[in-house]
Amino acid sequence: MEIIPITEAKSRIAELADRVAREHDHFTITRNGRADVMLISVAEYESMQETLEILSDSDTLADLRQSRQDFESGDTFDAEQVRAELEERRHGAA
């Protein structure tokens, strides 16, 4: 992550935007020597928003914890078991 003064960022905005979009670089833009704003890609911003939504949903967090415990204890399904379950559900719903 680079730290760039706002005056420099203004003159390089197209280059910075390309790097953010292509390479997922981050830039901290300073104003009067103090960090003021961040330049990140839309995809990364949306990913962070989604993560925040997940972290704020207690039911989803509980499901994630349970999934981790199931995995660690070996309580999992192989691909064939999943296919069979999906096939059964598909025919049951028809």
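Tutor: A definition comes first: two strands pair if DSSP finds at least two bridges between them. Please also keep in mind that this is a predicted model.

Student: Understood. Which strands form a hairpin, and how many residues lie between them?
Tutor: The hairpin consists of β2 and β3, with two residues between them. These strands pair over five bridges in the antiparallel sense. Within that pairing, I29 stands opposite V37 in β3.

Student: Is N32 buried or exposed?
Tutor: N32 counts as exposed because its relative accessibility is 78%. Its place is the loop between β2 and β3.

Student: What about the sheet as a whole? What is the strand order?
Tutor: The order is β1-β2-β3 in an open sheet of three strands, and the pairing is mixed. The edge strands, each pairing on one side only, are β1 (2-5) and β3 (34-39). From one strand to the next, the twist averages 35°.

Student: And β1 with β2: parallel or antiparallel?
Tutor: Parallel: β1 and β2 (residues 27-31) are joined by four bridges. In this pair, P5 stands opposite T30 in β2.

Student: Which helix packs on the sheet?
Tutor: Helix α2, residues 13-23, packs there and touches β1, β2 and β3. The direction of α2 makes about 60° with that of β3.

Student: Which residues of α2 are buried?
Tutor: L16, R19 and V20 are buried in α2. Seen down the axis of α2, the buried residues fall within an arc of 100°, so they line one face of the helix. An α-helix has 3.6 residues a turn, so residues three or four places apart point the same way.

Student: What covers those buried residues?
Tutor: The cover of the buried residues of α2 includes β1, β2 and β3, together with α1 (6-11).

Student: And which exposed residues sit on the face turned away?
Tutor: A14, A21 and R22 are the exposed residues carried by the face of α2 turned away from its buried side. E23 is also found in helix α2, and E23 is partly exposed because its relative accessible area is 45%.

Student: Where does the chain go after α2? Which residue follows?
Tutor: H24 follows α2, in the loop between α2 and β2. Phi of H24 is near 55°, a positive value in a residue other than glycine. At 44% relative accessibility, H24 counts as partly exposed.

Student: What is F27 in contact with?
Tutor: Leaving aside neighbours within four places in sequence, F27 is in contact with M1, E2, I4, L16, R19, V20, V37, M38 and L39.

Student: And T28, buried or exposed?
Tutor: T28 counts as buried because its relative accessibility is 9%, which is under the 20% cut-off. T28 belongs to strand β2. Not counting residues up to four places away in sequence, T28 touches M1, E2, I3, I4, A35, V37 and M38.

Student: A change of topic: where is S67?
Tutor: S67 is in helix α4, residues 58-73. With a relative accessibility of 45%, S67 counts as partly exposed.

Student: Finally, where is confidence lowest, and where is it highest?
Tutor: Confidence is lowest in helix α5 (residues 79-93), at a mean of 89, and highest in β2, at 97. For the protein, the mean pLDDT is 93, and 98% of the residues reach 70 or more.

Key. Residues numbered from 1 in each chain as written. Predicted model: local features only at pLDDT ≥ 70, side-chain atom pairs only at ≥ 80, totals over all residues. Heavy atoms only, no water. Axes fitted to C-alpha atoms, helices over the stretch in contact; angles between N-to-C directions. Contact = heavy atoms within 4.5 Å. Buried < 20%, exposed > 50% of the residue type's maximum accessible area, 1.4 Å probe, protein only. Arc of directions from axis to C-beta. pLDDT = per-residue confidence, 0-100.
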